[in-house]
Amino acid sequence: MPLTLPGAVPAPAAPALEIVWQGELGAGQTLDGLLNSAGLETAQRHTASDLIGSLYDLRRLKPGFRLTVSADERKALTEIALEVENGGQIIAALGAQPSVRREMPEPEVVIRAAETEVRRSIYGALERVGAPTRFATDLELIFADILNLRKEIGGGEQLRLVWREERIGDRVVGEPVIDFAQFDLGGETYEVIWPKDGALRNFIYRDGELLQSFRQPVPGARLSSAFGPRIHPVHGGRRMHNGVDFAAAEGTPVYAMQDGIVTFAGPRRGYGYLVEIEHGNDVVTRYGHLGSDLPVKAGGKVVRGQKIAVVGNTGTSTAAHLHYEVLVQGRHVSPLDYEWPIRPQSPLADPGRLLARLEGARDHLAEALDASGGDG
């Protein structure tokens, strides 16, 4: 209960606002165009755009962003709210003293699970049970160095997975993230544990035995492009992709994969802002498309797990992500298949911990399937 001093007059309650218009940004549409559709006058549009642009880079606008216009009891336009990524809002308050604020509601984390039979494609199997179809790409990428899933699918394979969604009300915000997947393929069972927030290591098992594990420089990030030939997203045409990409928000920390000496830190053509580290034994790592404010310099020493940069969207890049490369004796190798020395405290050095991790993931899947009825 607020404290009221004797004789004090309580502050009047803020007037209730009424929503007078809502709409979504269309493909190719600008914020000014959307504000014009809402009926704002030229001066109001300029004020609202300037205020919102002071807190949010308008170059990041995407189709589907929602705009809400509210008015006070006198029908005067009072607030312009632009909903952006992850349910956040940039709210411009109009009036005698214009102001702007950012509101980020706390989303609810919802655990979901599904079990489905693959008939012709993983995409179709996920679609049938209401699971995010983007997971088909996630599975293909995580297995890129082990299996060509498109060629291996013959029909009848069983896929079970559990994932996390963040919701505000009944809407999913952000990208759903897989926690664990089981895939019965060709008489063998493959299981994958993805890193949760703050974790850096993935685990892939075959019939209960660890098949592959790799650490990534960005905690909890989603693998978005594999090592090998691909259609270039900017230049087009089939080109060799000399690393792997991890999708993550701008400003997400990037960590050194191993002790070493920084041999380059700065802008480089194509890479945008780049950090290159020499680790000894002719092993080099590169971290590209970084934010411009680099905390390391050429010639400096770094240790494994040290923050060396943040994710950016610099250079030849279509969205915020980290491009990560490993070179051995001057030749690019798959970062997912490269094996760093195992430290005594690593889970890879303890078979008991590896098995316990897998059993825990299986329990998580079983509980989630039971709660969901097994169909997502």
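**View 1. Helix α6 and what covers its buried residues.** The cover over the buried residues of α6 includes β6 (108-118), β7 (157-168), β8 (171-185), β9 (188-193), β10 (201-206) and β11 (209-215). This is a predicted model: local features need pLDDT of at least 70, side-chain atom pairs count only at pLDDT 80 or more, and totals for chains, interfaces and linings use all residues. Residues are numbered from 1 along each chain as its sequence is written, and side-chain values use heavy atoms, with hydrogens and water left out. Helices (H or I, at least four residues) and strands (E, at least two) are DSSP runs, numbered from the N terminus. Contact means heavy atoms within 4.5 Å.

View 2. Leu-354, Leu-358, Ala-361, Leu-365, Ala-368 and Leu-369 are the buried residues of α6 (under 20% relative accessible area; exposed is over 50%, partly exposed in between; 1.4 Å probe, protein chains only). Down the helix axis they fall within an arc of 100°, so they line one face. The arc is taken from the directions from the helix axis to the C-beta atoms. Glu-367, Asp-370 and Ala-371 are exposed on the other side.

**View 3. Length and ends of α6.** The 22 residues of α6 (351-372) should span 32 Å at 1.5 Å a residue, and the end C-alpha atoms are 32 Å apart, which agrees. The expected span is 1.5 Å times one less than the number of residues. Asp-350 caps the N-terminal end, with a side-chain oxygen 3.0 Å from the backbone nitrogen of Gly-352. Just after the helix, Gly-373 has a positive phi of about 80°.

**View 4. The six-stranded sheet.** The sheet is open, in the order β6-β7-β8-β9-β10-β11, with antiparallel pairing (two strands pair if DSSP finds at least two bridges between them). β6 and β11 stand at the edges with a single partner strand each, so one side of each has no neighbour in the sheet. Twist averages 20° from one strand to the next. Six bridges join antiparallel β8 and β9. Ala-181 has Val-192 of β9 as its bridge partner.

**View 5. Helix α4 on the sheet.** Helix α4 (residues 135-142) lies across β7, β8, β9, β10 and β11. It runs at about 50° to β8. Axes are lines fitted to C-alpha atoms, for helices over the stretch in contact; angles run from 0 to 180 degrees between N-to-C directions.

**View 6. Helix α2.** Arg-45, Ala-48, Ser-49, Leu-51 and Ile-52 are buried in α2. They cover an arc of only 165° around the axis, which puts them on the same side. Exposed Ala-43 and Asp-50 sit on the face turned away.

Technical notes: Polar contact = N/O pair within 3.5 Å; in protein donor to acceptor, adjacent residues only side chain to side chain.
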